[in-house]
Amino acid sequence: MSFIFGVIAFVILLPIIVFVHEFGHFLFARLNGVRVESFSIGFGKSFYSWTDKHGTVWKLCIIPLGGYVKMLGQSDTPETAEEKKNAESKLSATEKKQSFEFKKRYQKASIVVAGPLFNFIFGFIVFFMLFIFRGVPLTPSVVMDVQKDSGAYVAGIKSGDTILSINDVEIKRPQQIAKIVQAFDGKVFDIKLKRDDKTLTVHATPTRQGEKYILGVSYSSEFNSYEPVGVLRAIYLSYETISGIVCETIKSLWEIIAGTRSSNELGGMISIAKVGGNALSSGFYSFMYLIALISVSLGLFNIFPIPVLDGGYLFIYLIEAIIRRDIPEKVKEKMFFVGFMFIIFLLLLSNVNDIIRIIK
């Protein structure tokens, strides 16, 4: 059953996120007078298509692993400088006005950045709507695991305990605990716990780990209630949620690059399907929350300055704007080749990690 939920979740969430991203490119291409030849969700042979009044072919394809917007002047495959020059020479004066390659640099940049931007906007809207109409999920501060020799371990906190308060501050969600611990000023914490049907108080001292303090516990991710919030609070929480996703993602990637965190934690399509299946089985709120989270993550990933990604194009446009001339096509070819190989490496690594987890 979990496998079926995973497949269904993957088939639903990925096309939605891809559509949002590509629609950003599509809309800004139209706004800048670029002819969009096709808008595809998925790759391979299309099983449904239609053509709008502007001549754009909208397609649904059989391999739901991405999508693309094909603009006039773009090639389906990487081109050499000579091939590109030959293709451009065949365009009429009218077609050149509608070609992406003949647009000003700032217009190209706006089209490119629109994809990731729409992912962020979509994520914000989904978070906001969830918070407004259902509320903020209240995750009970139920202890799942206790790290050996940590402050919590020494204090006698056990798996299954619920943390009710710290120094008389009521705890509604685990995130509060992390903030209190980070503000540790040397005083011992009085922690009120609920264990079975009893309430007890223990005294704990956070322990230092690297540059931060920790209590030494992990928490259950399950939630069963919601806290109603107003419009302004929902706006702030949506912003805070997105900021948290961005900061945590960048931090994790940096730790992997620095070697302080294992690259084995990277997950691919199987991980997305598994998490998506769990979220789908948990209900509409969890599934939509996950879609918003992945949308923001996709938008963030795409603005990294890696050639072949949107951020790579923006990086090139920035360099060209600074030096006031185009980067030679041969140099771009090499940059895109390196970027393409790096993306392939990440895809292979993340999906191999998934396979290894299944085998284990």
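**Figure 1. Glu-320 and Lys-332 joined by a salt bridge.** In this close-up, the side chains of Glu-320 and Lys-332 form a salt bridge whose closest N and O atoms are 3.1 Å apart. Because Glu-320 belongs to helix H10 while Lys-332 belongs to helix H11 (residues 329-359), the pair ties together parts of the chain that are twelve residues apart in sequence. Glu-320 counts as buried, since its relative accessibility is 2%, and Lys-332, at 12% relative accessibility, counts as buried too. The model shown in this and the following views is a predicted one.

**Figure 2. A network of salt bridges around Glu-320 and Lys-332.** The structure holds eight salt bridges, and a network of such bridges links Arg-105, Glu-320, Asp-326, Glu-329 and Lys-332. Besides its bridge to Lys-332, Glu-320 forms one with Arg-105, where the closest N and O atoms are 3.3 Å apart. This pair connects distant parts of the chain, for Glu-320 sits in helix H10 (residues 310-323) and Arg-105 in helix H4, 215 residues apart. Glu-329 is partly exposed, its relative accessibility being 24%.

Figure 3. The largest nonpolar core has 44 residues, and the members that touch the most others are Leu-13, Met-71, Phe-100, Phe-127, Phe-131 and Val-296. At least two residues of this core come from each of helix H1 (2-31), strand S1 (36-51), strand S2 (57-71), H4, helix H7 (231-258), helix H8 (269-282) and H9. Another core, of 18 residues, lies apart from the largest one, and among its members are Val-143, Ile-163, Ile-166 and Ala-204. What does Met-71 touch, if residues up to four places away in sequence are not counted? The residues touched by Met-71 are Ala-29, Val-34, Arg-35, Val-36, Glu-37, Phe-100 and Ile-111.

Figure 4. Ala-292 counts as buried, with a relative accessibility of 0%, and when its neighbours within four places in sequence are left aside, Ala-292 is in contact with Gly-123, Val-126 and Phe-127. Between Ala-292 and Phe-304 there are 19 Å in space, C-alpha to C-alpha, although the two are twelve residues apart in sequence. Asn-302 counts as buried at 11% relative accessibility, and its contacts, again leaving aside neighbours within four places in sequence, are His-21, Pro-116, Leu-309, Asp-310 and Gly-311.

**Figure 5. The buried face of helix H6.** Which residues of helix H6 (residues 174-182) are buried? They are Pro-174, Ile-177 and Val-181. When the helix is seen down its axis, the buried residues of H6 fall within an arc of 45°, so they line one face of the helix. The elements that cover these buried residues include strand S5 (162-166), strand S7 (189-195), strand S10 (212-214) and strand S11 (217-219).

**Figure 6. Two cysteines, Cys-61 and Cys-247.** The structure holds zero disulfides. Cys-61 is buried, with a relative accessible area of 5%, whereas Cys-247 counts as exposed, because its relative accessibility is 53%.

**Figure 7. Confidence along the protein.** The average pLDDT of the protein is 84, and 91% of the residues score at least 70. Where is confidence lowest, and where is it highest? Confidence is lowest in helix H2 (residues 81-89), with a mean of 63, and highest in helix H4 (residues 105-133), with 95. Where pLDDT is low, the predicted coordinates should not be read in detail.

Technical notes:
Residues numbered from 1 in each chain as written. Predicted model: local features only at pLDDT ≥ 70, side-chain atom pairs only at ≥ 80, totals over all residues. Heavy atoms only, no water. Buried < 20%, exposed > 50% of the residue type's maximum accessible area, 1.4 Å probe, protein only. Contact = heavy atoms within 4.5 Å. pLDDT = per-residue confidence, 0-100. Helix = DSSP H or I, 4+ residues; strand = E, 2+ residues; numbered from the N terminus. Arc of directions from axis to C-beta. Core = buried A, V, L, I, M, F, W, Y, C linked by side-chain atoms within 4.5 Å. Disulfide = S-S within 2.5 Å. Salt bridge = Lys/Arg side-chain N within 4 Å of Asp/Glu carboxyl O.
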